[in-house]
Amino acid sequence: MAGRINDDDVRAVRNAVPIDAVVSEYLQLRPGGGGNLKGLCPFHDEKSPSFHVSPAKGLYHCFGCQEGGDTVDFVMKVEHLSFSETIERLAAQAGITLRYEEGGYTPGRQQGERTRLLEAHKVAAQFYTEQLGSAEAETGRAFLAERGFDQAAAERFGVGYAPAGWDHLTRFLRGRGFTDKELTLSGLAQDGRRGPIDRFRGRLMWPIRDITGEVVGFGARRLREDDNGPKYLNTPETPIYRKSQVLYGIDLAKRDIGKQGRAVVVEGYTDVMACHLSGVTTAIATCGTAFGGEHVKILRRVLTDNSRSEVVFTFDGDAAGQKAALRAFEDDQKFAARTSIAVSPGGMDPCDLRLAKGDEAVRQLIEERSPLFGFAIRSFVTQHNLETAEGRSAALEQAAPVVARIKDVAIRHEYAVRLAGMLGILDERFVVDRVRQLARYAAQGGAGRGRGPGPGRAAGGGQGGQVPGRGAGMPPAGPGPAGPAAGAGGPALYMRTPALHRERELLKLALQHPELVAPAFDAYLADEFTAAPYATVRAAVEAAGGVAAADDGAAYLARVRDAAPDDGVRSLITELAVEPIRSRREPDAIYAGEQLAGVRLAAVDRRIEDVRSTVHRLGAQGPPDRFETAQRELWTLQQYRESLRARGAAAL
């Protein structure tokens, strides 16, 4: 039975790894105002960034899907790991040695399954790279040299060689403490007649890494004529490898993709190598499958997908390459970015082009790209006989919907005119009107079915965009009090109505800048907060020692979150701790005083109305002493209200 990780070590791990460093391994983060960072949420598909990270607080929160938490919560969610696996992974990054209670720590036995499989792949990658220097691997080195890749290039991309024997890697990994079950589960071995044997034998090996740089699988290229397997053999589907969810080279390219706002999608491992070595350091490739929806999601987050970014597809000029390009065009609407295609003269792929004409030719190929929708239009038009009226009509009906999908209205109009010319239709207005009609129909049909932005809408104009009149850096407003609840029996998480503005701001200050509202906030009662969720958060702050005890921001917030009665309230606390303050200036004592006075004034107003009702009731038939007491209370409250209005926080 695995031991429990020491609590002090867990706290050390939480404090050692900055949340922005962890999150930026998975998505591109940009300044979000108020010291926060923001990007496209990895937990749901969105057009506009609503995922906020607060490095100072060590928390994240998505204002679109309400996911939130600290560094550990993020890694658990995004990698589908258990708590212990997450702590082990973060500890390895931070160089912290974990202590295990209940019998101590036994390496290799108490680590989680995913951790063990990743470790096996890491060791296997090292084994393969060492084997590339062996005499047996001469054919592999020759293969690389023939394609313009020297030893330095092989080392840069971790290329290795799998020996031709039945169980070289299997025996090596057994010697490192891995079990037969782990070897077959990882996809590194497969069942043979007498036990596990190596899956990859006599092949050139490319390690496939996830976005964080962990090796999760391999791509193996056939080298020998007596190898009857496919030219490329990839790792099968495993608990850590899903071919539809990995992009080869993403770990190397993600930084430059974010900086340049451009991603180049190529078809193979050697094409990625050729591009990077030629200076096109944003190149990536799929691993044995077509570019699809899951790849789009990964790329959009790294790209910070918007109308200023671009995705360039490169395909061979043959029929298969054209088919792949048209398949990529089907995913065009999933990007807010522009999509382009680069096809080299003669249909050479980037690897062949670099070998034949050098690095500059590869860079020029990408620079001379053309819009993907233009390529799609030409492809459809050329399928028809334009010498006949029937052929021109059929071509129009197939190409017009493609033009209608163009996001930019001005460009759409220009291509409609071009389409008329390509088809030889003299009445340009007829084609333009047909395209406009299709675009309008698609937009209306999409809206009626609850879909995202239709072809006729501007990029980035979908739900979750900036709300007019909101402060800079503010997340998009959610639904009102009738919005989704925190869970069965939990409070509603969206309480942004104007009537509750002061309460929300005061709680945000109490969590983000407790020193500005101390000690006055601690004297506020829960009933001064009219929204039940806010009253519950106020109680959690009190249970954590109050704002006066907030000596350390991260530790204080952790105490408040731990004091939450359920996950719904904990999520709301995270949301309030990350959401930017609405002040147009840096939050200060004056702004804090305005919120303190505003919340107290509203509470006093409510109490005055209650007492007035009591006075009215007792004046008619109540006991005189109670009537006089109520009148005195009413007078006192009214005087206090006037003082609050005149002096603000000084009257508290």
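Does Asp588 count as buried, partly exposed or exposed, that is, what is its class at 25% relative accessibility? Asp588 counts as partly exposed, where buried means under 20% relative accessible area, exposed over 50%, and partly exposed in between (1.4 Å probe, protein chains only).

This is a predicted model, in which local features need pLDDT of at least 70 and side-chain atom pairs count only at pLDDT 80 or more, while totals for chains, interfaces and linings use all residues. Residues are numbered from 1 along each chain as its sequence is written, and side-chain values use heavy atoms, with hydrogens and water left out.

**View 1. Salt bridge between Asp588 and Arg585.** The closest N and O atoms of the pair are 3.2 Å apart; a salt bridge is a side-chain nitrogen of Lys or Arg within 4 Å of a carboxyl oxygen of Asp or Glu. Arg585 is partly exposed, at 38% relative accessible area.

**View 2. Salt bridge between Asp605 and Arg641.** The N to O distance is 3.4 Å. Asp605 belongs to helix H25 (residues 589-621) and Arg641 to helix H26 (residues 624-647), so the pair ties together parts 36 residues apart in sequence. Helices are DSSP runs (H or I, at least four residues), numbered from the N terminus. Asp605 is partly exposed at 24%, whereas Arg641 is buried at 13%.

**View 3. Salt bridge between Glu367 and Arg369.** Here the closest N and O atoms lie 3.9 Å apart. Glu367 is exposed, with a relative accessible area of 52%; Arg369 is partly exposed, with 22%.

**View 4. Network of salt bridges.** Arg504, Glu505, Lys508, Glu575 and Glu579 are linked in this network. The structure holds 38 salt bridges.

Note on methods: Helices (H or I, at least four residues) and strands (E, at least two) are DSSP runs, numbered from the N terminus.
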